[in-house]
Amino acid sequence: MDKPIHHPYLQCSGGMQTVTHLISVYYSVQRLVCFTFFAAMFFFVFVGCTSVSQPPESVPLNYKKRVNTRSDGVVRVSTSVLSADESLAVYGVPLAKKGIQPVWVEVENRDKIAYWLLSPGMDPNFFPASEAADAFTSPDKANVRGELEQRFAELAFRNPIPAGATVAGFVLTNLDEGAKLVQVDLIASGEFRSFAILADIPGFRADYEAREVFTRDIYAAEDFIDYTDDNAFRTALESLPCCVTNKSGTNDGDPLNLVIVGGLDDAFPALIRRGWRPTEQTWSGSVIKMTTSALSGERYPYAPISPLYLYERPQDLALQKARDNVHQRNHMRLWLSPMRYHGEPVWVGQISRDIGTRLTIHSPYLTTHKIDPDVDEARTALTEDMAYSQGLAKIGMVKGVGAAPRSAPRQNLTTDPYFTDGARSVLIFDSRPKSLTDIEFLPWETREKGFIERTIRQ
Amino acid sequence: MTKGEYPLAESVTRWPFQSGSVLLTIIACVLALAGCATWQAPTEIDYSEIRARAITATVQKVTLSAAVLSTRDSQRIFGANINETGVQPVWIEVKNQTEQTLWLLQAGTDPDYFSPLEVAWSFHTAFAGGTNARIDEYFDARGFKNPIAPGATQTGIIFTNPHHKTRLLNVDLLGQGKLIPFTLFLPVPDDVPETGVLNVLQRIAITETVEYQEEDRFRAALEQMPCCATDAEQTSIGDPLNVIMVGDFADIASAFVRRGYRQAALEFDYTQHVFGREPDIVARKSGQGGVPANWMRMWVAPLRYRGQSVFVVQVGRPVGGRFTDNESTELILHPNVDEVRNLLIQDLLYSGGLGKLGFVTGVGAASPTQPRNSLEKALYYTDGLRAVMFMVTRPVALSDVQILEWDPVLKDLEKAVLGAE
């Protein structure tokens, strides 16, 4: 990091490449600052007449100071997610206003084969660099478009990552607020490596930033119970409470119909690859945004999720998968449990399908989501979605929710009715790629004399 | 098809509240009409007509039949026009003659499918609790139900986003350590019968092909394919042919479907000609709200590789991409055609249907400073490569994909990244 910096790339003349070969991070930072300065100058001169703003001088490019790095001994991956100010400073245009968030990725490949970074793994709806550039130009301004596009292309991460090389650049993702789960999938011939990194984004708040589930010890080491016996684990899962509660624990809410086994390296990459993203914490700003969105029918990807309680605390993590608009999303709340399964974290949660927004007097925000009363459908939908994630290893079903027939539905805390067969899905993830034929059904409720057979008999 | 009929846009908004004033109007209407909520459950449902036109296939002792419901069908079966709400109902029957229980993975048929009660909810009216409950119960009973027991036949409807002209139906049936995949091509009854998919299958049948067995010779033949499309008169050069796909058409089509592509051709797609004809099929991936993100135009090529069909493909995306309003903007090819080609590869890697990947020359390089002309005054630049994707019957794990060491092309790509050329 303390090498002299008299490198030809650092002379700024044409040194706008973000791809480096065995050049230190320090060089990259210097070059980027240099590039940014020139880019800003360039923009001021040539495209000042468009809506491009000049980057604020006061914004330090701090994103390289909070780089998160992971390595498996062969490949090292470093990432940093840019704040709105940083992305304006680097790109010269307000990407965040268009819902675009650059993620800086550096891959050091110490293998003997070339790797390819797969952007759809980081965000299935990511923005190609040229498309993001298009967001700031109009088709009739070909000159402006050309310059912007070139700049975006130079900043973009470029494949492949040759053997022995280090390559860095940006992937443009949909905006996350607070923190971001950055999934780096790397493919080579007959090889696949996957790294998940939880990155902070300054200037935002989010559910799990507040909960710090990945970084803070929620439980003392002696509180954990590690299950290695399948039957004992199954019994423990069946003994969990049926449902979430309100804050005081006096009323039952949505059923706890989901158990996820896995952590940052296996379960969450699978969720991200299929478009699941963290939600914004419920605070007044996002509530205003959501209620506005509810009236206009527009897609607001960060509709907040209200707090529900388990283990005497609100959810540790809330994720959602938006479809066409705010009314159509599936969402889940997860709590880290004091259980382990073969050493892996066990999350207990609740999943439901939002099919619309309705008014309610049971929420201080006066609006809430109408959930599909067939809550088992949402549970099944997630299981199927995860089957395509290349990360799902095992599926099991356990009792514990308690059946509520359609003729006598139960109600959640906002008086939405739901019915259920009373089972909870157990999804066990693996960091090694699993195709559809590799998925194993656990011989629990899903097999002999269990849930499936009962369903069939019915 | 004209621009105004762009088919992806209509699936956008199923929810009627577009603005505060519309909301108020709707509330007023609902209050006025609530007293006479008139949904009635159909008294007798006859599936014989649907069954008669269903397409059927048998794979590994499982027989699948499926048909897309017309507006008339959905009115007859549901007592309501589901198709009007941006939902395409598909009738499915699975006859399981294996010895194990199977699950139909709806997420494979449509990653954004609708649940029966979600569809039902859009027909609810205010202050009509009894009727709403009956709608729920009725719709739910029509939905397809898992699992499918050994020896059993399961019939039901799945609620998908609309495909036009022909529905490329991907059905994945999952058992213990086993996947039974189906790809069916279903006519969409409300649409004018088409060219598209049926044309591809007929085209494959009638195309005279040269068979290649050796990889090197096949590769050389791919490099000799035309660089680009032309206009109808073959007087002007069109968009570059930057992708080759090799494999069974069903495997290729279903991989696209699993990644959210839908068949949808626009008028300007048909200006591009290869082998003296319009594209045999055009598909698109839409962004949120149905905005076109890219296009994929495909032609059956007059060669085969080890018995498998070969397709030449043009992949591109419009200037503006998902940030444009497709109603008002004319679609023009974005000059950076390599980017969209590379991203198509990445997308298809996650489909579980891409087995091998290679690159060949044949397009001819054009630099950003000296871009090449295409039709409609479009310009583009390219490294001159075409991606060659060998598609296989799903599923493939990401760790099993082979990248072919077709030098010097791959090395050139690496050099370009290192800036060392």
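B:Phe78 is buried, with 24 other C-beta atoms within 10 Å. Here, buried means that 20 or more other C-beta atoms lie within 10 Å of a residue's own, exposed means 12 or fewer, and partly exposed is in between, with C-beta atoms placed from the backbone. This is a predicted model, so local features need pLDDT of at least 70 and side-chain atom pairs count only at pLDDT 80 or more, while totals for chains, interfaces and linings use all residues. Residues are numbered from 1 along each chain as its sequence is written, and chains are lettered from A and ligands numbered from 1 in the order in which they are written.

Let's stay with B:Phe78 for a moment. You'll find B:Phe78 in helix α3 (residues 71-78) of chain B. Helices (H or I, at least four residues) and strands (E, at least two) are DSSP runs, numbered from the N terminus. Leaving out residues up to four places away in sequence, B:Phe78 touches B:Phe139 and B:Arg142; a contact means that the C-beta atoms, placed from the backbone, lie within 7 Å. B:Ile135 is 57 residues away from B:Phe78 in sequence, yet their C-alpha atoms are 8.7 Å apart in space.

Now for chain B as a whole.

Next, the largest nonpolar core. A nonpolar core is a set of buried Ala, Val, Leu, Ile, Met, Phe, Trp, Tyr and Cys residues joined through C-beta atoms within 7 Å. This one has 226 residues, and A:Val105, A:Ile187, B:Val313 and B:Met389 touch the most other members. Strand β14 (residues 295-305) of chain B gives the most to this core, with 8 residues. Setting aside neighbours within four places in sequence, B:Val313 has contacts that include B:Leu241, B:Ile244 and B:Met298.

Finally, over to chain A. Helix α2 (residues 84-91) of chain A is largely enclosed by the rest of the structure, because 6 of its 8 residues are buried. Among them are A:Leu88, A:Val90 and A:Tyr91. Just after α2(A), A:Gly92 takes a positive phi of about 80°.

Methods:
Contact = placed C-beta atoms within 7 Å.
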